[in-house]
Amino acid sequence: MATHAQQALALDQVLFMPSGDHPPHKTSTTLAPARHRLAMVKHAITDIPHFAVSDMESNASGTSYTVETIHTLRQRVKGSLWFLIGLDAFLQIASWKSVETLVSSTNFLVLSRPPAHFSQVASLTFLPPPPTEQLHRLDDGTCTRLDLPTGPHTMLTLLRMPPCPVSASAIRTRIQEGLDIADWLPPPVHSYIIRHHLYGLW
């Protein structure tokens, strides 16, 4: 997904930022400790052009909110800043802290994540009303990209991608069920999970 997004927008860099140990929208029982997730991301993106990792949130002592992280990044990054997010997560963004400020302060790139549908974006009341016909075209594949202004200097881009069957939750479930995940992960990440006994009994 990150590679597709980087190429679609010709991004100079994609910054991966694992959440800390107290993410506001996930329970600690579903996540490995932040230090392990940070290490796995480092292993996963090693030597991949345009990819980098940040420990800004994983090293935070308390709860990190995206709106605050974006504010900090805005002071450090020159040029355009895009927040990459799957469509399934974006449809839950109304519950995030200061969502109106967040959407109006940075560009969003929303990537398709079946079974979520782009037409569901029309229900998000904090956004300017999107053209429903265009959303349906994204869903049926006759359109692959839709750019919607969200403010004087910000944009929401909806991007239809080839389907990706792999997800973090699916990987954790397969591990807990004792199923093989070797083909779903970069070998160094697979080895790290086994070495540190993450997500299940090994």
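This is a predicted model: local features need pLDDT of at least 70, side-chain atom pairs count only at pLDDT 80 or more; totals for chains, interfaces and linings use all residues.
**Overall build**

I went through the secondary structure next and found eight helices and six strands. Written out along the sequence, the order I noted is α-β-α-β-α-β-α-α-β-α-β-β-α-α.

Then I checked the dimensions. The C-alpha trace spans about 50 × 40 × 30 Å along its principal axes. The radius of gyration is 18 Å, which agrees with the value near 17 Å that a compact globule of 202 residues would have.

Of the 202 residues, 40% are buried. For the charges, I have 15 positive and 15 negative, and their mean positions lie 5 Å apart.

**Cores**

Which residues have the most contacts inside the largest nonpolar core? My list reads Phe 90, Ile 93, Phe 108, Leu 127, Leu 156 and Leu 158, in a core of 29 residues. I traced which elements give two or more residues to this core: the helices are α3 (66-76), α4 (87-90), α5 (99-105) and α6 (132-140), and the strands are β3 (82-86), β4 (107-111), β5 (145-149) and β6 (155-159).

Beyond its neighbours within four places in sequence, Leu 158 contacts Val 110, Phe 118, Leu 135, Leu 138, Thr 144, Arg 145, Leu 146 and Leu 148. Apart from this core I found another one, of 12 residues, with Ala 2, Leu 9, Val 41 and Phe 51 among them.

**Pro 18**

Val 41 turned up again when I clicked on Pro 18, which touches it. Pro 18 sits in the loop between β1 (14-16) and α2. Is Pro 18 buried or exposed? I have it as buried, because its relative accessible area is 9%, under the 20% cut-off. Skipping residues up to four places away in sequence, I see it touching Arg 37, Leu 38, Val 41, Val 53, Ser 54, Glu 57 and Ser 58.

**His 36**

While in α2 (residues 34-45), I stopped at His 36. Its relative accessible area is 5%, so I logged His 36 as buried. Which residues does His 36 contact, leaving aside its neighbours within four places in sequence? I find Tyr 192, His 196 and Leu 198.

Most residues other than glycine have a negative phi, and most peptide bonds are trans, so I went looking for exceptions.

- I found a cis peptide bond joining Pro 114 and Pro 115, with omega about 10°. Pro 115 is in the loop between β4 and α6.
- Ser 98 has a positive phi, near 50°. I place Ser 98 in the loop between α4 and α5, and it counts as partly exposed because its relative accessibility is 34%.
- His 197 also has a positive phi, near 55°. His 197 lies in the segment after α8 (187-195), and at 52% relative accessibility I count it as exposed.

Key:
Residues are numbered from 1 along each chain as its sequence is written. Side-chain values use heavy atoms; hydrogens and water are left out. Helices (H or I, at least four residues) and strands (E, at least two) are DSSP runs, numbered from the N terminus. The radius of gyration is taken over C-alpha atoms; the globule rule is 2.2 Å times the number of residues to the power 0.38. Buried means under 20% relative accessible area, exposed over 50%, partly exposed in between (1.4 Å probe, protein chains only). Lys and Arg count as positive and Asp and Glu as negative; His and the chain ends are not counted. The place of a charge is taken as NZ of Lys, CZ of Arg, CG of Asp or CD of Glu. Contact means heavy atoms within 4.5 Å. A nonpolar core is a set of buried Ala, Val, Leu, Ile, Met, Phe, Trp, Tyr and Cys residues joined through side-chain atoms within 4.5 Å.
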